[in-house]
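Hi,

Here is the structure I said I would pass on.

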Amino acid sequence: QVQVVESGGGLVQAGGSLRLSCAASGISFSVNAMGWYRQAPGKQRELVAGITSGGRTNYADSVKGRFTISRDNAKKTVYLQMNSLKPEDTAVYYCNADVTVFGPYRNLEVWGQGTLVTVSS
């Protein structure tokens, strides 16, 4: 089994910063693309940022210039640095990882439980 666990959420004032982390763990697997999604109350889950195993990134237009996604392949961990936070960034943030499991070989999409980010005005 492979799992990902997020950390770093919390309450912050508008204009503040938070850093989310997501670590993948398990046996005999490699991590391909990783990403962060969020879901605000009453809204659909949306992609915030993604990063390939080679470091190519993409962002939602709403967070470009404010959020930065990065990863540490040795630690199988992805980060989301969130600056200049706005109340509309309030949501549960979910980590997603595309992994390859060995023995037998198969690809899986793994989701974390989510971490709540609340931005007060």
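First, the ground rules. This is a predicted model, so local features need pLDDT of at least 70 and side-chain atom pairs count only at pLDDT 80 or more, while totals for chains, interfaces and linings use all residues. Residues are numbered from 1 along each chain as its sequence is written, and side-chain values use heavy atoms, with hydrogens and water left out.

Strands

Strand names follow DSSP: helices are H or I runs of at least four residues, strands are E runs of at least two, and both are numbered from the N terminus. Two strands count as paired if DSSP finds at least two bridges between them. There is an open sheet of four strands in the order S1-S3-S8-S7, with antiparallel pairing. S1 (2-7) and S7 are the edge strands with a single partner each, so one side of each has no neighbour in the sheet. On average, neighbouring strands here are turned by 15° against each other, direction ignored; for that, axes are lines fitted to C-alpha atoms (for helices over the stretch in contact), and angles run from 0 to 180 degrees between N-to-C directions. Six bridges hold the antiparallel pair S7 and S8, and Arg71 sits opposite Val78 in S8.

S4 is worth a look too. It runs antiparallel to S9, with nine bridges joining them, and Gly35 stands opposite Asn96 in S9. S4 also pairs with S5 (residues 46-51), again antiparallel, over five bridges; there, Met34 has Ile51 as its bridge partner. S4 and S5 make a hairpin with six residues between them, and Gly42 in the turn has a positive phi of about 75°.

Core

For burial I use relative accessible area: buried is under 20%, exposed is over 50%, and partly exposed is in between (1.4 Å probe, protein chains only). A nonpolar core is a set of buried Ala, Val, Leu, Ile, Met, Phe, Trp, Tyr and Cys residues joined through side-chain atoms within 4.5 Å. The largest one has 32 residues, and those with the most contacts inside it are Trp36, Leu80, Met82 and Tyr93. S1, S3, S4, S5, S7, S8, S9 and S11 (115-120) each supply at least two residues of this core, and S9 gives the most, with six. If you click on Tyr93, its contacts (heavy atoms within 4.5 Å) beyond neighbours within four places in sequence include Trp36, Arg38, Leu80, Met82 and Val117.

Disulfide

Counting cysteine sulfur pairs within 2.5 Å, there is one disulfide. Cys22 and Cys95 form it, with their sulfur atoms 2.0 Å apart. The torsion about the S-S bond is about -80°, so the disulfide is left-handed. Cys22 is in S3 (residues 18-26) and Cys95 in S9, 73 residues apart, so to speak a link between distant parts of the chain. Both cysteines are buried.

Salt bridges

With a side-chain nitrogen of Lys or Arg within 4 Å of a carboxyl oxygen of Asp or Glu as the rule, the count is four salt bridges. Arg38 and Glu46 meet at 2.7 Å, N to O; Arg38 is buried at 6% relative accessible area, whereas Glu46 is partly exposed at 35%. Asp89 bridges to Arg38 with the closest N and O atoms 2.9 Å apart. That pair links distant parts of the chain, 51 residues apart, with Asp89 in the loop between S8 (77-82) and S9 (91-101) and Arg38 in S4 (residues 29-39). Asp89 is buried, at 1%. Asp89 also bridges to Arg66, at 2.8 Å, and both of these residues are buried. Shared partners join Arg38, Glu46, Arg66 and Asp89 into one network.

Most residues other than glycine have a negative phi, and most peptide bonds are trans. Gly103 and Pro104 are joined by a cis peptide bond, with omega about -5°, and Pro104 lies in the loop between S9 and S10 (106-111). Ser28 has a positive phi near 55°; it is in the loop between S3 and S4 and is partly exposed at 44%. Lys76 also has a positive phi, of about 55°, in the loop between S7 and S8, and is partly exposed at 27%.

Cheers
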